[in-house]
Amino acid sequence: MIHRTADTWQGPRWQNELTDLIRSPAELIELLELDPALLPSALAAAGDFALRVPRPYAMRIRKGDAHDPLLRQVLPLGDELLAAPGYSADPLQEKSTNPVPGLIHKYPGRVLLIVSGSCAINCRYCFRRHFPYQDNNPGRAAWQRALDYIAADSSITEVIYSGGDPLSAPDRHLTWLTQAVEAIAHVRRLRIHSRLPVVIPSRIDDECLSWMTNHRLDTSLVIHSNHANEIDAHLAEALGRVRAAGITLLNQTVLLKGVNDSLAALHELSERLFACGVLPYYLHLLDKVTGAQHFDLPVSRALELHQGLRDTLPGYLVPKLVREVPGAHSKTPVV
Ligand SMILES: *Cc1c(COP(=O)(O)O)cnc(C)c1O
Ligand code: SF4
């Protein structure tokens, strides 16, 4: 049976939640009972990178608290508009590793497919806030070029669905794409990198689990959660179903000033993740993208926090501290 709301004719519940986003800074500020003085700068920064917040995510934000760690990830601030030396629009230089539309081949053995250019949420720290999504949103015919590229290179054993957010694509497209990937004999693993289950847990419905599991590929889902407060009962339940379907669950986090830059926050995140069957995978240093400079921390502080995790958690609950260095053949460990 497919997981639907009463208004079945409108399609799956997640699609309604994806359409019915909070897009107005004034609405967000009112709903969360925040100081209206935040509005002018929120409007100015939203003009550069729009505000988008799913309602199931907004419900987890504490009312009246401008420092809430979830709010800080979505509320546009005037700080985003300040010039910052060393920050750029394409810090990862992905444009140069984009051989065919919709495909990024940067690291040996695995390719990243930009399955969908859009996201359910706009995270203020996002390193793709200036990425040319439109040029990377191929139609089905263009997808064939990406599939041909994978088929022609037998060193590619893992295909990673990315974006934007790959789970913002409809299940019928994901079903078609996954069957096409499965048909390439040398591909063994499928990995899905998505923040959608975190922000709209109803995304994990039966139709979704069906294409994620009905094939021979060893599959993992890497969720992107930055704070334990994001992991509510709805998300825990959704993750339980993914795990029961035999999919390996991992998490990656971006280290963000004002969101999760304390040992207590990172420790609690690892604990909450494991309680939901998820292993911490990466803790990323912020990519130096214009507009996100106010989230940055000194490397010395990142190392101190990471050491704190090692001192207080079992090794399997300590994520790898990494950063992306343009031109490197893997994520670069921070030591
Ligand atoms: C992060 C990333 C990957 C995956 O790297 P892993 O270390 O395997 O998690 C692959 N391709 C690109 C372009 C990436 O940024
Ligand atoms: S969900 Fe991921 S890709 Fe989308 S805006 Fe947030 S960080 Fe960026």
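Tryptophan 211 is buried, with a relative accessible area of 4%. This residue belongs to a predicted model, in which the protein is divided into domain 1 (13-81) and domain 2 (94-333).

**Tryptophan 211 and its surroundings**

- Tryptophan 211 has its place in helix H9, which spans residues 206-213.
- Apart from neighbours within four places in sequence, tryptophan 211 is in contact with Tyr161, Leu167, Asp171, Leu174, Thr175, Thr178 and Ile192.
- Histidine 173 and tryptophan 211 are 38 residues apart in sequence, and their C-alpha atoms are 9.9 Å apart in space.

**Domains and nonpolar cores**

- The centres of domain 1 and domain 2, taken over C-alpha atoms, are separated by 23 Å.
- To the contact between them, domain 1 contributes 29 residues and domain 2 contributes 34 residues.
- The largest nonpolar core has 73 residues, of which Leu113, Ile150 and Tyr161 touch the most other members.
- A second, separate core has 13 residues, including Leu285, Ala302, Leu305 and Val334.
- Tyrosine 161 is in contact with Leu113, Val115, Pro166, Leu174, Leu177, Thr178, Val181, Leu190, Arg191, Ile192, His193 and Trp211, leaving aside its neighbours within four places in sequence.

**The sheet as a whole**

- Strands of a sheet pair through backbone hydrogen bonds, in either the parallel or the antiparallel sense.

- S1 and S2 pair in the antiparallel sense over three bridges, and tyrosine 107 stands opposite arginine 110 in S2.
- These two strands form a hairpin with two residues between them; in the turn, glycine 109 has a positive phi of about 85°.
- Strand S2 (residues 110-116) pairs with strand S3 (residues 158-163) in the parallel sense, over six bridges.
- Leucine 113 has tyrosine 161 as its bridge partner in S3, while the bridge partner of leucine 112 in S3 is isoleucine 160.
- S2 is mostly covered, with six of its seven residues buried.

**Lysine 331 between S8 and S9**

- Lysine 331 has its place in the loop between strand S8 (320-323) and strand S9 (332-333).
- The side chains of lysine 331 and glutamate 324 are joined by a polar contact of 3.2 Å.
- Beyond neighbours within four places in sequence, lysine 331 is in contact with Tyr107, Tyr282, His284, Val322, Arg323 and Glu324.

Terms used:
Residues numbered from 1 in each chain as written. Chains lettered and ligands numbered in written order. Predicted model: local features only at pLDDT ≥ 70, side-chain atom pairs only at ≥ 80, totals over all residues. Heavy atoms only, no water. Helix = DSSP H or I, 4+ residues; strand = E, 2+ residues; numbered from the N terminus. Polar contact = N/O pair within 3.5 Å; in protein donor to acceptor, adjacent residues only side chain to side chain. Contact = heavy atoms within 4.5 Å. Core = buried A, V, L, I, M, F, W, Y, C linked by side-chain atoms within 4.5 Å. Buried < 20%, exposed > 50% of the residue type's maximum accessible area, 1.4 Å probe, protein only. Pairing = 2+ DSSP bridges. Domains from an automatic or database assignment.
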